[in-house]
Amino acid sequence: MANLHVVILAAGKGTRMKSALPKVLHHVAGKPMIYYVLQLAEPLKPSSITLVVGHMKEAIRQAMVSRPQVQFAVQEPQLGTGHALLQASGLLEGKSGTLLLLSGDVPLLKRHTLQRLIAHHQDTGAAATVLTTIVPQPYGYGRIVREQGQIARIVEERDASPEERQIAEVNTGVWAFDIAPLFAALRGLAAANAQGEYYLTDLVSTYRRQNRRVEAVVSDEPDQMRGINSRIELAEASRIVRQKKNEELMAAGVTIEDPATTYIDDEVTIGTDTVIHPGVYLEGRTSVGTACEIHSGVRIVNSTLGDRVVIQNYCVINSSRLGSGVILGPFAHLRPDNDLRDSVHIGNFVELKKSTIGAGTKAGHLSYLGDAIVGENVNIGAGTITCNYDGERKHQTTIEDGAFIGSDSQLVAPVTVGRDAYVGSGTTVRENVPAGGLAVSAGKQRNIEGWKAGKKAKVQG
Ligand code: UD1
Ligand code: CA
C-alpha cells in the first residue's frame with residue numbers, strides 16, 4: 001500500500017510480565033508475539049515498518065535479523081506511548097500519507113480489521129482514527145469517552161473516575177494517523193496524569209480542540225484486541241490461537257480427539273484423515289501427511305512426516321524427515337537431522353541422530369544409531385550401538401543394503417558393514433565387514449559343568 005507507514009511500539013518494560021526477557025519476545029502458541037504483529041503488517045505492503053525499541057533493545061534487534069526491512073527508532077527513557085511514537089519522527093516526519101500504529105503486545109489482530117480501520121480513516125479524511133472494541137471486563141484498558149456519539153477523549157484506567165470505569169468501550173492501542181499534523185501534536189502532549197507519562201491517548205482531546213477530525217472504528221471481535229500484559233494473558237492468547245488452529249485443521253479433515261490438550265503451532269500443516277490423540281505437541285515448521293496416526297504424549301519439532309506414518313506413544317522427534325509408512329516408537333527419540341525413508345520401522349527405546357535409514361529397514365529395540373548411513377531392508381538387532389565418538393571426533397558408520405546386525409553389537413566407527421553381510425550377536429565390529437561375510441568377535445564359549453553344585457558345597461562346607 002503506497003503512502004502507508006507502519007510503526008510498532010515495543011519499547012516498554014512489560015513490568016507485569018516479571019521477566020528478564022522483553023515482553024514482545026514472549027511466545028504465544030510457540031512464536032514470539034512480535035512476529036504475529038509483523039506478519040500482520042507485512043502483507044499490507046507498507047512503504048516502511050518501524051519498530052520503536054528501548055527496554056532490552058538488543059534482544060529485539062537480534063530477533064529481527066531475518067527481517068532486514070524493519071527499521072528501528074530508539075526510545076530512551078520510556079516515557080509513555082505518545083513519547084514512543086514521537087521517536088519515529090526522525091524516520092517519518094515530513095512524509096505524507098497514513099501511519100498505522102500497532103502495539104507489539106497486541107498479537108491476535110486480523111488483517112480484515114486493519115483494512116477496515118485504514119479504509120475508514122482514509123475515507124473520512126480523519127487526522128486520527130482509533131480502533132476500539134466492547135469488552136465485558138474493561139479493567140486496565142483506556143476507556144472511550146463519547147459525547148453526542150462522537151469520541152471526545154480516552155481516559156486511562158488509573159485516571160478514570162468511577163463512572164468512566166463503567167465504560168465498556170476500550171482503546172485497542174491500534175490507530176491510523178494522518179502523518180502531516182501528527183508529530184507536532186505529539187510534541188505538544190503533557191504528562192499530567194497518574195503515571196506521569198506522555199499518553200498517546202491524549203491526542204484525541206488535542207485534535208478535538210484543534211477541530212481536527214477524530215474517528216473511532218468499533219470492532220465486534222474483542223478476542224482479537226487482547227493486549228498482553230501478564231503471563232495469565234499470555235496463556236489466554238496462546239489458548240485462543242491454538243483453539244483456532246485446531247478448529248481450522250478439523251474443518252480441513254484432521255481428527256483431533258481432544259483439542260483442549262493438543263498443542264499445534266501456527267505454521268504446522270496436516271493432511272486429511274490424520275488422527276491426533278490427546279496430549280500431542282506439533283511445533284515449529286512441522287508438516288504431517290495424510291492418514292497418519294499420532295498417539296498420546298508425542299512431541300514433534302520442525303519435522304516432516306509422509307503419509308500413513310504411525311507414531312506410537314511418547315516419542316520425541318526433532319528436525320527429521322520420515323517417509324511414508326514409517327512406524328515409530330513407543331518411546332523413540334529422534335535427535336536432529338535424521339532421514340527415514342519409506343516403511344522404516346523404529347521400535348521402543350531407539351535413539352537416532354544424524355542418520356539416514358533406508359526403506360524397509362527395522363531397528364526394533366534399544367539401539368543407538370548416530371552418524372550412520374543405513375541401507376535398505378537392514379535388520380538392526382536389539383541393543384545395537386554405533387560407537388560414533390572417539391572422545392574427540394564423530395565418525396560415520398555405514399551399513400549396506402540387506403545387512404543383518406545381531407543383537408548387542410557395537411559398531412566402532414568409522415566402519416562399514418557390506419551388503420548382505422552378517423554381524424553375529426555380541427560382536428564388537430572394529431574392522432570393515434565384507435559384503436556377504438560374517439563377523440564374530442566373541443571367543444569360543446566355555447562351559448563349566450556342575451558349577452552350581454560345587455558352589456553350594458563350598459558354602460555348606
Ligand atoms: C495502552 C493504552 C490503552 C489501551 C491499551 C491497549 C496508552 C496511554 N494507553 O495501555 O489506552 O487500552 O494500550 O492494549 O496509550 N510502549 C513503548 N514505550 C513506552 C510505553 C509503552 O514503546 O514508553 C509500548 C509497549 O512496549 C507496548 C505498548 O506501547 O507494546 C503499550 O504499552 P503498555 O504499557 O502495555 O500500555 P497499556 O497500559 O496496555
Ligand atoms: Ca498493553
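This is a predicted model: local features need pLDDT of at least 70, side-chain atom pairs count only at pLDDT 80 or more; totals for chains, interfaces and linings use all residues.
**Exercise 1. Glu 169**

Solution. 
Step 1. The surroundings are then listed. Leaving aside neighbours within four places in sequence, Glu 169 is in contact with Thr 132, Thr 133, Ile 134, Gly 142, Arg 143, Ile 144, Arg 146 and Val 218.
Step 2. One of these residues, Thr 132, also has a polar contact with Glu 169: their side chains are joined at 2.6 Å.
Step 3. Sequence and space can be set side by side. Tyr 141 is 28 residues from Glu 169 in sequence, and the C-alpha atoms of the two are 9.1 Å apart.

**Exercise 2. The surroundings of ligand 1**

Task: State how many residues surround ligand 1, and which element gives the largest share of the shell around it.

Solution. 
Step 1. The shell holds 24 residues, and the closest are Gln 75, Gly 80, Thr 81, Glu 156 and Asn 171.
Step 2. By class, seven residues of the shell are nonpolar, 13 are polar and four are charged.
Step 3. Individual atoms are examined next. An oxygen atom of ligand 1 lies 2.7 Å from an N or O atom in the side chain of Thr 81. Backbone atoms also take part: a polar backbone atom of Ala 11 is 2.9 Å from an oxygen atom of the ligand, and one of Leu 79 is 3.5 Å from an oxygen atom of the ligand.
Step 4. Ligand 1 taken alone exposes 760 Å², of which the protein buries 90%.
Step 5. Two or more residues of the shell come from each of β1 (4-10), α3 (81-86) and β10 (169-178). The largest share is that of β10, with three residues.

**Exercise 3. The nonpolar cores**

Task: Identify which residues have the most contacts inside the largest nonpolar core, and which element gives the most to this core.

Solution. 
Step 1. The largest nonpolar core has 47 residues, and those with the most contacts inside it are Ile 294, Ile 311, Leu 322, Leu 328 and Leu 340.
Step 2. The elements that give two or more residues to this core are β27 (345-353), β29 (362-370), β30 (372-374) and β36 (415-417). Of these, β27 gives the most, with three residues.
Step 3. Not counting residues up to four places away in sequence, Leu 340 touches Arg 321, Leu 322, Gly 323, Val 326, Leu 328, Leu 334, Ile 346, Leu 352 and Ile 357.
Step 4. Another core, of 43 residues, lies apart from this one and includes Leu 38, Leu 51, Leu 114 and Met 225.

**Exercise 4. Helix α1**

Task: Explain why helix α1 is described as largely enclosed by the rest of the structure.

Solution. 
Step 1. The helix spans residues 33-41, and eight of its nine residues are buried.
Step 2. The buried residues are Met 33, Ile 34, Tyr 35, Tyr 36, Val 37, Leu 38, Leu 40 and Ala 41.
Step 3. Because eight of the nine residues are buried, α1 is largely enclosed by the rest of the structure.

Definitions and conventions: Residues are numbered from 1 along each chain as its sequence is written. Chains are lettered from A and ligands numbered from 1 in the order in which they are written. Side-chain values use heavy atoms; hydrogens and water are left out. A residue is near a molecule or strand if one of its heavy atoms lies within 4 Å of it. A polar contact is a pair of N or O atoms within 3.5 Å; within protein, one must be able to donate a hydrogen and the other to accept it, and residues adjacent in sequence count only if both atoms are side-chain atoms. Accessible areas come from the Shrake-Rupley method with a 1.4 Å probe; for residues, only the protein chains shown count as cover. Helices (H or I, at least four residues) and strands (E, at least two) are DSSP runs, numbered from the N terminus. Ala, Val, Leu, Ile, Met, Phe, Trp, Tyr, Cys and Pro count as nonpolar, Asp, Glu, Lys and Arg as charged, and the others, Gly among them, as polar. A nonpolar core is a set of buried Ala, Val, Leu, Ile, Met, Phe, Trp, Tyr and Cys residues joined through side-chain atoms within 4.5 Å. Buried means under 20% relative accessible area, exposed over 50%, partly exposed in between (1.4 Å probe, protein chains only). Contact means heavy atoms within 4.5 Å.
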